[in-house]
Amino acid sequence: MGVVAWEERYSVGNERLDQQHQKIVGMINLLGEAMDAGTERPALMKILSDLAGYTKTHFAEEILMMEQCGYPKLDEHRTQHALLNRQLAEFYRNFYTISRPQSTEVIAFLLNWLYEHILQQDKQYAPYIGKTTKDRQAA
Ligand SMILES: [Fe+2]
Ligand SMILES: [Fe+2]
């Protein structure tokens, strides 16, 4: 499984949040590389738990940004994050019990898990957050 590249179309118009999304993609790639290299399961689980931890930090910061710019769909987004956290926790549990997880399947699931959210939900806050970023720069 090769490294998946970041594309401009994933941008939410905020450098800091884009960097966080890129870091999550990087962690997913790291997991794929580690699996292909035959890394032992405890080390893979560590990458997955780091991914879950970092995702929670990112979600919290994203919500804070939305609060600051008065994003109208904040509650909906919060619910979406809670669902994503649950899905990742379930994935973590399943990963432990699958006898031979395939890197292509694992990475496809995780990228889909992430990109669907970025492209459908995160993108919606772009006009609001973009505005506050510009306002801050102008101030
Ligand atoms: Fe989000
Ligand atoms: Fe996000």
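1. A residue is buried if 20 or more other C-beta atoms lie within 10 Å of its own, with C-beta atoms placed from the backbone. By that rule, 18% of the 139 residues of this protein count as buried. Please keep in mind that this is a predicted model.

2. On confidence, the average pLDDT is 89, and 91% of the residues score at least 70. Helix α2, residues 41–68, has the highest mean pLDDT among the elements, at 95. The lowest mean, 83, belongs to helix α4, residues 103–138.

3. Now the overall layout. The protein has four helices and zero strands, so reading from the N terminus gives α-α-α-α. The C-alpha trace spans about 55 × 25 × 20 Å along its principal axes. If you look at contacts between residues at least 6 apart in sequence, 75% of them join residues at least 24 apart.

4. How do α1 and α2 sit against each other? Their axes come within 10 Å and cross at roughly 170°, and α1 and α2 are therefore roughly antiparallel. On the α1 side the contact includes Leu17, Ile24, Met27, Ile28, Leu31 and Met35. On the α2 side it includes Leu44, Ile47, Leu48, Leu51 and Tyr54. The residues of this contact divide into 15 nonpolar, three polar and three charged; among the residues taking part are Lys23 of α1 and Asp50 and Glu62 of α2.

5. The other packing to look at is α2 with helix α3, residues 74–97. Here the angle is about 180° and the axes lie 11 Å apart, which makes α2 roughly antiparallel to α3. From α2 the contact draws on residues including Met45, Leu48, Ala52, Phe59 and Ile63, and from α3 on residues including Leu74, His77, His81, Leu88, Tyr92 and Phe95. The residues of this contact divide into twelve nonpolar, five polar and three charged.

6. Which residues form the largest nonpolar core? There are eleven: Val25, Met27, Ile28, Leu31, Met35, Leu48, Leu51, Val106, Ile107, Leu110 and Leu114. The elements that give two or more residues to this core are α1 (15–36), α2 and α4, and α1 gives the most, with five. Apart from this core lies another one of seven residues, among them Met66, Tyr71, Tyr128 and Ile129. As background, in soluble globular proteins nonpolar side chains tend to be buried together.

7. Leucine 44 is worth a look on your screen. Leucine 44 is in helix α2. Is leucine 44 buried or partly exposed? Leucine 44 counts as partly exposed because it has 19 C-beta neighbours inside 10 Å, whereas a buried residue needs 20 or more. Leaving aside neighbours within four places in sequence, leucine 44 is in contact with Leu31, Ala34, Met35 and Thr39. Leucine 44 and tyrosine 96 are 52 residues apart along the chain, and their C-alpha atoms are separated by 9.6 Å.

8. Finally, glutamate 7. This residue lies in the segment before α1. Glutamate 7 has 9 other C-beta atoms within 10 Å, so it is exposed. Glutamate 7 and arginine 100 are 93 residues apart in sequence, and the C-alpha to C-alpha separation in space is 31 Å.

Notes:
Residues numbered from 1 in each chain as written. Chains lettered and ligands numbered in written order. Predicted model: local features only at pLDDT ≥ 70, side-chain atom pairs only at ≥ 80, totals over all residues. pLDDT = per-residue confidence, 0-100. Axes fitted to C-alpha atoms, helices over the stretch in contact; angles between N-to-C directions. Parallel < 35°, antiparallel > 145°, perpendicular 65-115°, else oblique. Contact = placed C-beta atoms within 7 Å. Nonpolar A, V, L, I, M, F, W, Y, C, P; charged D, E, K, R; others polar. Core = buried A, V, L, I, M, F, W, Y, C linked by C-beta atoms within 7 Å. Buried ≥ 20, exposed ≤ 12 C-beta atoms within 10 Å, placed from the backbone.
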